[in-house]
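Reader: I'm new to this one and a bit lost. Could you take me slowly through the part around the binding sites, and show me how its surroundings fit in?

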Amino acid sequence: MSVAPDTTVALQDRFAHELPELGVRWQAETAPDPRLLTLNEPLAAELGLDADWLRGPDGLRFLVGNLVPDGATPVAQAYSGHQFGGYVPRLGDGRALLLGELVDAEGRLRDIHLKGSGPTPFARGGDGLAAVGPMLREYVVSEAMHALGVPTTRSLAVVATGRPVEREAVLPGAVLARVAGSHLRVGSFQYVSASGDLGLLRRLADHAIARHHPGAAQSDRPYVALFEAVVAVQASLIAQWMLIGFVHGVMNTDNMTISGETIDYGPCAFMEAYDPETVFSSIDFWGRYAYGSQPMVAGWNLARFAEALLPLLSNNIEESVALAEESFGVFRPTYDAVWSSGMRAKLGLSAGLDADVVTPLVDELLGLLQESHVDYTSFFRHLGHAARGDREPARGLFVNLAGFDAWASRWRALGPDAETMDRTNPIYIPRNHLVEEALAAATAGDLDPLGGLLEAVCAPYHERPGLERYASPAPEDFGRYQTFCGT
């Protein structure tokens, strides 16, 4: 590893300095032949990074962890996690490194984090590497989520390493440079709680409050306020996933952030035909992380967070449990408020309409969508035409025409606003067949399909000529879609 002073990047080591027990100082493997596949220039500008420098030799070495600025202390973070309901006491960054933090143009502290940079002490026998396809998947989907207004980690760059990676086949390797408010997870608190070190648990909670929920510090019970704040941001996040048909696929507790950002785009995908039982992960045999189960799983994960925090909530365990249960009460109202507001916007309906009118209308619509296997994203976009008087594009998606007609008549009587609908309902999402097409081409060395897909999904609400294929569901012969974790 080359460690040299660099005036282009000034990284802090706040996490490594404040919580050394939660990280192992480590270094990335040397990439034999780094080659830039894609660079997020707008994000680079937000971070105060020079895009031309990042494209150059030193910039590429920085993006794969082989050039570390003075003052930075790269660490592999430690955390635990419930994976598919089973507790694993020691997970951690098996193939990732936190290079450090920097302050962006808005004064926010942001992590610079690598994925696929080689094995760490947490690798558990894995090679610590990543292939081009999964790293580009995270780039595409995370940037699409950002464009859709959903809180998310961001992708700065994907760099091919020149090193082959052995999976079912030998694939070209790559490193993803990821940006986040932080990488603190529910699993971070589980790891510390299991150690029994109350002082460290308090320092971790104080670190999380200062970084993400500073208002909690003013509370008479700051750690109760921290829990309530995390419950609220996660309830809002999951509701936003549900509104756009996003299926995370691996909602383990180590993949739930304290910040409320979406993290770890492994077996994730966007639902096409509406079905609450939609599952994309190749290993989710029981549908634990199905689309319709995501709010319930979020609540389960937050209960595990509460368990980790109990020693800080009160000196009396019964009181701690009662405080946690009371604070968790914000989940359902927050979720319902975000879902209800979002669904009203998707339908173009006034916020002033009585819930007794809107809720049955939404429930009936979802039943009709499921009955006819209607493409979720296309339907709401076509419904904007119906608000303007052209019902056929939406109507033609249904088998039960009479059911849709009756529903649409009641909906039209409420005076939907087509402009609101167009601002809310995307026309372009990372369609599964197009993602696979772009990743396969990029793995073979052709980046043009990737560029076309990014052009579409990074401006999802604005219809443009020539991008029609990016708005269409998968062809019938695409088959049942499965995704994999990438390791």
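Author: Setting aside residues up to four places away in sequence, H433 touches E272, S472, P473, A474, P475 and F478, where contact means heavy atoms within 4.5 Å. This is a predicted model, where local features need pLDDT of at least 70 and side-chain atom pairs count only at pLDDT 80 or more, while totals for chains, interfaces and linings use all residues. Residues are numbered from 1 along each chain as its sequence is written, and side-chain values use heavy atoms, with hydrogens and water left out.

H433 itself sits in helix α17, residues 432-443. Helices (H or I, at least four residues) and strands (E, at least two) are DSSP runs, numbered from the N terminus. Because its relative accessibility is 14%, H433 counts as buried; that word means under 20% relative accessible area, with exposed over 50% and partly exposed in between (1.4 Å probe, protein chains only).

Now for the sites you asked about. UniProt, in an unreviewed entry, puts the feature "binding site" at N255 and D264. The lining of the largest cavity takes in N255 from this set. Here a cavity is a set of points on a 1 Å grid over the protein atoms alone where a 1.4 Å probe fits but cannot get out, and lining residues have an atom within 4 Å of a point. The UniProt positions are in the numbering used here, with shortened feature names, and annotations may be inferred rather than shown by experiment.

Where does N255 sit? N255 is in the loop between β12 (246-247) and β13 (269-270), and D264 is found in the loop between β12 and β13 too. N255 has 10% relative accessibility, so it counts as buried. D264 is buried as well, because its relative accessible area is 14%.

Beyond four places in sequence, N255 is in contact with R185, H248, V250, I263 and D264.

Two of its members are worth a stop. G92 is in the loop between β7 (86-88) and β8 (96-103), and it is buried because its relative accessible area is 8%. Leaving aside neighbours within four places in sequence, G92 is in contact with Q77, A78, Y79 and F122. R95 is found in the loop between β7 and β8, and at 13% relative accessibility R95 counts as buried.

L237 lies in helix α8 and is buried, with a relative accessible area of 1%. Apart from neighbours within four places in sequence, L237 is in contact with V150, P151, G260, E261 and T262.

Helix α10 (residues 317-328) has 12 residues and reaches 16 Å from its first C-alpha to its last, close to the 16 Å expected at 1.5 Å a residue; the expected span is 1.5 Å times one less than the number of residues. Its buried residues are S320, L323, A324 and S327. They are on the same side of α10 because they cover an arc of only 100° around the axis, the arc being that of the directions from the helix axis to the C-beta atoms. Turned away from that buried side, the other face carries the exposed residues E318, E325 and E326. At the start of α10, a side-chain oxygen of N316 reaches to within 2.9 Å of the backbone nitrogen of E318.

Methods: On a 1 Å grid over the protein atoms alone, a cavity is a set of points where a 1.4 Å probe fits but cannot get out, and a pocket is an open set with protein on both sides within 12 Å along at least five of seven lines; lining residues have an atom within 4 Å of a point. A polar contact is a pair of N or O atoms within 3.5 Å; within protein, one must be able to donate a hydrogen and the other to accept it, and residues adjacent in sequence count only if both atoms are side-chain atoms.
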